[in-house]
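Please read them with the structure open beside you.

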Amino acid sequence: MSEVTQPDQQPEFRISSPPAILDAKADEIDIPVSDNRIFLNHVDQYNARHIAEFLVEQEVGALKHGYEVEGEGDDPNEISGVLPVVEKYECIGTVKFRFGTITEDIAYTVSEADQKLLEKHILTSGAVIFDISNDMGEIPKALNTLKLIIDEIESIKSIGPKTYQRYDRVYVFILISSVLSWSKTKPIDQDDPEIPFTEADYKKRKASTNYQEQIACEREVVLKGRKYKDNLKTYVVCCGIPYGFEEDNLNPFFRMAWENQDLPIVLPGNNYIPLIHIQDVAKVIHAILELKPKKQYILVVEQVPCRLGKIMRALAAAMGKGVKEIVKEDAFLHNSITQKLYDIFTINLKMEPAYILDTLELEYRSDLNMVQNMKKIVMEFRDARNLIPMKVLVHGPVASGRTHLSTHLTEYYGVHYINVKTMIEETRENWRHQIDAELQARKMKSDNVASEREEYVGEEEDEEYEPVVNLDDLQEKLATLETTLEHNDNVLPDEFVIQLMRQFLASNICQNQGYVLDAYPKTMSQCVALFGPELNAHHDGGEGEGEEEDYDMITGPSIAPQFVISLEADNEYLIQVMMNYPEQGKEFEEENMMKRLQFFRDNNTEENSLLNFFDGHEIHPIIVSIMNVGDMKALYEKVHDALGLPIGFETSPEEQEEVLRCQQQADELKEEQKAIDRKILECQALEQYQEKMEERIRILDELQKEEESLLQAQCEPLRHYLMMHVFPTLTHGLLEIAKIKPDDPIDYLAEYLFKFNPEGKMFDPTFTRRGKLIQNEAKNMLVQKASMKTVEDDFDEN
């Protein structure tokens, strides 16, 4: 990677005006100086968005003068009964993506286009917060912005010492960096690698090639702050990997967990990954703005470090399906692992936030680290992403289209389809998968992978790699299930089914996207046994009694449906539908179908119905008469209107940019294809023209040859005549002229030809048969004319 360019060599960084003054010229805009205004780069990104959200709610000076505010009325305004004016921070900044989400916490944004207006916004703000932790391309912009502030200070200094002495403006520049700049740092004590790093060790930090520019930027920021310490306060906030709310770097793995995929653990998996909740980052930045401490390099990480394996296992337990260990060589074969995530997963840094705890004395958002607090973090993620599971129970008699509707809702909403049969099969498969995974993990631990793990923790290896599941207990459960199915003709007792169903509905696979429960429970007793403990606890306890919204003390995760859809039709209509059923086995024979219909009617009377149970617990059933909706499409649309839109991940600005880029590429390809098609048509037209011209030339050549042949044929008699009777005598005459050289060769030649004509008929037209015929005809005509003249003369004389 190239070296960091010095500030005076930085590429130009342009920023334009906010939308409200976009048309105005920068020179005409008067932006007042405000120490409460904070400029952030890329306010549509995760870090800046949450930092701004926290800052705009803080009172300016509250942290700095906190002890005075809590005193006994030293404020003169408080003594006189006048309420003090409360000022809060104002946040502005640039955006990275054209589709970036700008929250209400941002006063206005500026685009990267107008240099002069950019300078006004930066130089009139009380502080500049520049985040380079996620985008190395922001490093030149950060240094260029720092240079802009320094140039302003130097311009004041150049006026004169008195002016500079009266200049009391203090700029604050905060650089948000990442612990990845420590990725290659060696342990402080090789004999005791568990000694944590602190801010005091920041000069010893070493980074991989990918993060050399980040270290150089951090050094530049610290040095400039020391050089202009009276008018410029610079800080480097070196953050652990941020997490919380909708997630950022860890979002791919939270999403994989939500989609019930196995989470990858890059072996050895027991390396320390410094983490920090994004709200704690905002608290530290707020403290820097308020207190302006002397310490320039501040390490912001959790108090208790976490290991990679424990992070992934905790996430899998709280929201996912399981984990899958992969060796480093195969890491990039996994679709979700990028170079940045690989760097995060393979870092091994045990760090301690000494300055935050000892000097700033800040309280963390939680005393628990990410692993210990994973359930709450998962709930934050679901709330921030609005991932509310869709839980639906479809109720109705046989032949009412209940299963068709259930499978359609499963596909449309992307949820899990459940009936008793599929639940039993999937439970059995899940248990087998967990058993195989645990056996495989134990095998890998006993193989060569164990020696690779010792690279990090050595003696603590056994402590860190405890079994994910209780293998003996799981094997016993699986054996009991299979034995019970075998002895009862693949049918389980109600108590067993309800126990398995409660476990299955509480599993992550149903708690993430949700479920569609088809045709179960069938009776009131089954319904009460399955959902009663949870619904009765909520109903009796009232609102807000549980510890968490989606949990209660009896059942754990909420398993009750949000929607109950009841399909209704009379027996006559259902029997008509049954009669149109094709032969599909014993289950669909008329006798069995009628028994199932009668069973449904007996267990769903007006007094004793599942619908009454749910209605009594404020889950009001959606009644749909299938006799009145027409076809299945109309039924689907009616249910969609009642349930709402599907849940899922919203398209991120990066994905929207990628979609737009792909669309632009597609449009460009279409234009290129059109140009190619036009070129092909032009070439084809040219080829056809050339072929036609060649054909025309060929025809003209043939016509010319035919004409020449015809002329040659027509000239053949004359040529023959000349060759036989003219040219021999003419040739001898010419030779004779050449010998004698007469004074008048033409006359001599004429005399010669008359004299030496072999037959004396050179110019006699009777030489040819045709000529002779014409001569005879001419002679006959002359004879006739002579005779007629004689007769006329005789007549005249008489």
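1. Phe130 and Phe173 are both buried. This is a predicted model, and that applies to every point below. The ring centres of Phe130 and Phe173 lie 6.5 Å apart and the planes are at 20 degrees, so the pair counts as stacked. The two residues come from distant parts of the chain: Phe130 sits in strand β4 (residues 125-131) and Phe173 in strand β5 (residues 171-178), 43 residues apart.

2. Compare a second pair. Phe531 and Phe614 have 5.9 Å from centre to centre and 55 degrees between the planes, and this pair is tilted. Are Phe531 and Phe614 buried or exposed? Both are buried.

3. How many aromatic pairs does a search of the whole structure find? The search finds twelve. Ring pairs also join Trp182, Phe197, Tyr202 and Tyr297 into a cluster.

4. Some totals for the chain. The chain has 28 helices and 20 strands. Of its 798 residues, 43% are buried. Among contacts between residues at least 6 apart in sequence, 81% join residues at least 24 apart.

5. The next points concern helix packing. Two packed helices are described by the angle between their axes and the distance between the axes. Take helix α5 (residues 139-159) and helix α7 (residues 212-227): their axes come within 10 Å and cross at roughly 10 degrees. The two helices are therefore roughly parallel to each other, and their crossing is left-handed. On the α5 side the contact is made by Ile139, Ala142, Leu143, Leu146 and Ile150, and on the α7 side by Glu213, Gln214, Cys217, Glu220, Val221 and Lys224. Sorted by class, this contact has seven nonpolar, one polar and three charged residues.

6. Helix α14 (residues 402-413) and helix α25 (residues 632-643) have axes that come within 11 Å and cross at roughly 55 degrees. At that angle α14 is oblique to α25. The crossing of α14 and α25 is right-handed. From α14, the residues that meet α25 are His404, Leu405, His408, Leu409, Tyr412 and Tyr413, and their partners in α25 are Met632, Tyr636, Val639, His640 and Leu643. This contact has eight nonpolar and three polar residues, and no charged ones.

7. Helix α26 (residues 653-740) packs with helix α27 (residues 745-755) at an angle of about 135 degrees, and their axes are 10 Å apart. That angle makes α26 oblique to α27. Is the crossing of α26 and α27 left-handed or right-handed? It is right-handed. Contact residues in α26 are Thr729, Leu730, His732, Gly733, Leu734, Glu736, Ile737 and Ile740, while those in α27 are Pro745, Tyr748, Leu749, Tyr752 and Leu753. By class there are nine nonpolar, three polar and one charged residues in the contact of α26 with α27.

8. Lys741 is placed in the loop between α26 and α27. Its phi is near 55 degrees, a positive value in a residue other than glycine. Lys741 has a relative accessible area of 65%, so it counts as exposed. Asp489 also deserves a look: its phi is positive, about 55 degrees, although it is not a glycine. Asp489 is in the loop between α18 (471-487) and α19 (494-505). With a relative accessible area of 65%, Asp489 is exposed.

9. Please check two peptide bonds. The bond joining Leu267 and Pro268 is cis, with omega about 15 degrees. Pro268 is in the loop between β8 (262-266) and β9 (272-273). The bond from Tyr520 to Pro521 is cis as well, with omega near 0 degrees. Pro521 lies in the loop between β16 (514-518) and α21.

10. Last, a single residue. His286 lies in helix α9 (residues 278-291). Why does His286 count as buried? Its relative accessible area is 7%, and the cut-off for buried is under 20%. Leaving out residues up to four places away in sequence, His286 touches Phe54, Leu55, Gln58, Glu59, Leu63 and Tyr89.

Methods: Residues numbered from 1 in each chain as written. Predicted model: local features only at pLDDT ≥ 70, side-chain atom pairs only at ≥ 80, totals over all residues. Heavy atoms only, no water. Axes fitted to C-alpha atoms, helices over the stretch in contact; angles between N-to-C directions. Helix = DSSP H or I, 4+ residues; strand = E, 2+ residues; numbered from the N terminus. Parallel < 35°, antiparallel > 145°, perpendicular 65-115°, else oblique. Left-handed = near helix turned anticlockwise from the far one by under 90°. Contact = heavy atoms within 4.5 Å. Nonpolar A, V, L, I, M, F, W, Y, C, P; charged D, E, K, R; others polar. Phe/Tyr/Trp six-rings, centres within 6.5 Å; stacked < 30°, edge-to-face > 60°. Buried < 20%, exposed > 50% of the residue type's maximum accessible area, 1.4 Å probe, protein only.
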